[in-house]
Amino acid sequence: MANQQILLIVSGGIAAYRSLDIARRLRERGVAVRMLLTRAAEEFITPLSATVLSGQAAMTDLFSPENEADIGHIELSRSADLLLVAPASADLLAKMANGLADDLASTVLLATDTPVLVAPAMNVRMWEHSATRRNVNQLRADGIGFIGPDDGAMACGEFGPGRLAEVDAIVDAATSMLGAHVQKDGEPATKTSDTTDLLDGNKILVTAGPTHEPIDPVRYIANRSSGKQGYAIAAAAARAGAEVTLVSGPTALATPPGVRRVDVESARDMQAAVVEALSDGHPFDAGIFAAAVADWRTADIAEEKMKKRAGAEVPPPFDLIANPDILAEVARDTALRPHMLVGFAAETQDVVANAEQKLSRKQCDLIVANDVSSSGALAEGEVMGGDRNRVHLVSKSAVETWAEADKTVIAERLVEHIAHFLDMRSGKRNSRPASRQRATKQAAE
């Protein structure tokens, strides 16, 4: 992460003290950090502690004669590679969503053209208030990345969503958004090529994460998908110049910069969101269906929590019915089908054979398959939830096996593969910029 710099903006709230640990952890990964404190943040931490932990003088005042002599707030907004707001209070989120600029933090955020990641922290009632929900939706639509908040106990004594995400999760999300993921051995993953402009002018749909199928108001059927691979693909496609719509099941991952994100819960929610996105009147060039959609749901959802009966060891029965097959339905519908369809197959046995059957059954152009069995798990951790992957690309003409790599690298290589497919289909192979021809040639090899 050498030569990468983050401007860490700290707003008021008891969680502000954790920003000091965030700064320290980022510096451990080789990222330069400068901290900016709002007046409310100074009630919880001091500029001196922020200066010591970050290694650079902390900023606090919009009207500082020393810093504003050269329009310092503009320089601050442009010099960093990422603006990280942690914690982000309800007040600062409201200012960001409505374009207000009445202090140094909000002015810098309004003046920036740099990616922004926010980590909200506030009382549960504030987080769930309709005004905050509107502001969050607007910021996501504007391309602002989010990490958290988590559920948990709060300083006010209440419990629920609104707790600042864990420091490691925030640091992981921030370094990922910088575009060079730090592996566990401390070495940054190497990008396969310069993918800039590979998908310039293309529209890409990505699905990611699990689905939650409710049983009753407090229970649901789900799977172990983290959404990391799908989010990495959406981020890589956006960096390659595509207009990306990400339909996401429940995850705690930050929205990649420049990506339009639609949050869903169940398989039927995801089906509706996918159909709506593909029906906007402008055909999509590729659909990448990386979500791990639950195959079944309960036939009837209990309106009240299903109580355990005294002395009963047998759980109450419920019937399962099939969920919609979103990928197959899109493949069959000529009005919805993108030019290229990519499916994913997480298998525990006969990985390639099952992927080949799925390719035929789903009628798509490519299946990305991996082994998620205990015997096939990677040394660094399980595929589902881990940071690394090893995949097979299965098409009608060939099976291509890729070596184990960080999911960010897998995503970049897949984007190159998709760009090559789309170029060959449209006959644009010889009309691209030279940089794009080189990257696509590498993908083909």
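**Chat about a sheet and its core**

Colleague: Quick one to start: which residue in S17 does Val342 stand opposite?

Modeller: In S17, Val342 faces Leu366. Please keep in mind that this is a predicted model.

Colleague: What unit do S16, helix H13 and S17 make?

Modeller: A right-handed β-α-β unit, with H13 covering residues 351–362.

Colleague: How many of the 6 residues of strand S17 are buried?

Modeller: 5 of them, so strand S17 (residues 366–371) is largely enclosed by the rest of the structure.

Colleague: OK, and how does S17 pair with strand S19, parallel or antiparallel?

Modeller: Antiparallel, with 3 bridges between S17 and S19, which covers residues 392–394. Val368 has Leu393 in S19 as its bridge partner.

Colleague: Let's zoom out. In what order do the 8 strands of the open sheet come?

Modeller: The order is S12-S11-S8-S13-S16-S17-S19-S20, and the pairing is mixed. At the edges stand strand S12 (259–263) and strand S20 (399–401); each has a single partner strand, so one side of each has no neighbour in the sheet. From one strand to the next, the twist averages 15°.

Colleague: Over how many bridges do S11 and S12 pair?

Modeller: Over 5 bridges, in the parallel sense. Val244 has Val259 in S12 as its bridge partner there.

Colleague: Back to the helices. Which strands does H13 touch as it packs on the sheet?

Modeller: H13 touches S16, S17, S19 and S20, and its direction makes about 155° with that of S17.

Colleague: And which strands does H14 lie across?

Modeller: H14 lies across S13, S16, S17, S19 and S20, and it runs at about 145° to S16.

Colleague: Now the core. Which residues of the largest nonpolar core touch the most other members?

Modeller: Leu199, Val244 and Leu414, out of 37 residues in that core. Among the elements that give two or more residues to this core are strand S8 (203–208), helix H10 (228–239), strand S11 (243–248), S16, S17 and helix H14 (407–426). H14 gives the most to this core, with 8 residues.

Colleague: Which residues is Leu414 in contact with, leaving aside neighbours within four places in sequence?

Modeller: Leu414 is in contact with Ile233, Phe344, Leu366, Val368, Leu393 and Trp402.

Colleague: How many residues are in the second, separate core?

Modeller: That core has 34 residues, including Leu26, Val31, Val33 and Ala58.

Colleague: Changing topic: where is Thr38?

Modeller: Thr38 sits in the loop between strand S2 (32–37) and helix H2 (47–54).

Colleague: Does Thr38 count as buried or exposed?

Modeller: Buried, because its relative accessibility is 10% and the cut-off for buried is under 20%. Not counting residues up to four places away in sequence, Thr38 touches Val10, Ser11, Gly12, Asp103 and Ala105.

Colleague: Last one: how many helices and strands are in the secondary structure of the protein?

Modeller: There are 15 helices and 21 strands. Of the 445 residues in the protein, 51% are buried. The protein exposes about 21000 Å², and carbon and sulfur atoms supply 49% of that. Among contacts with a separation of 6 or more, 69% are between residues 24 or more positions apart.

Note on methods. Residues numbered from 1 in each chain as written. Predicted model: local features only at pLDDT ≥ 70, side-chain atom pairs only at ≥ 80, totals over all residues. Heavy atoms only, no water. Buried < 20%, exposed > 50% of the residue type's maximum accessible area, 1.4 Å probe, protein only. Helix = DSSP H or I, 4+ residues; strand = E, 2+ residues; numbered from the N terminus. Pairing = 2+ DSSP bridges. Right-handed = clockwise from strand over helix to strand, strands pointing away. Core = buried A, V, L, I, M, F, W, Y, C linked by side-chain atoms within 4.5 Å. Contact = heavy atoms within 4.5 Å. Areas by Shrake-Rupley, 256 points an atom, 1.4 Å probe, with all protein chains shown as cover. Axes fitted to C-alpha atoms, helices over the stretch in contact; angles between N-to-C directions.
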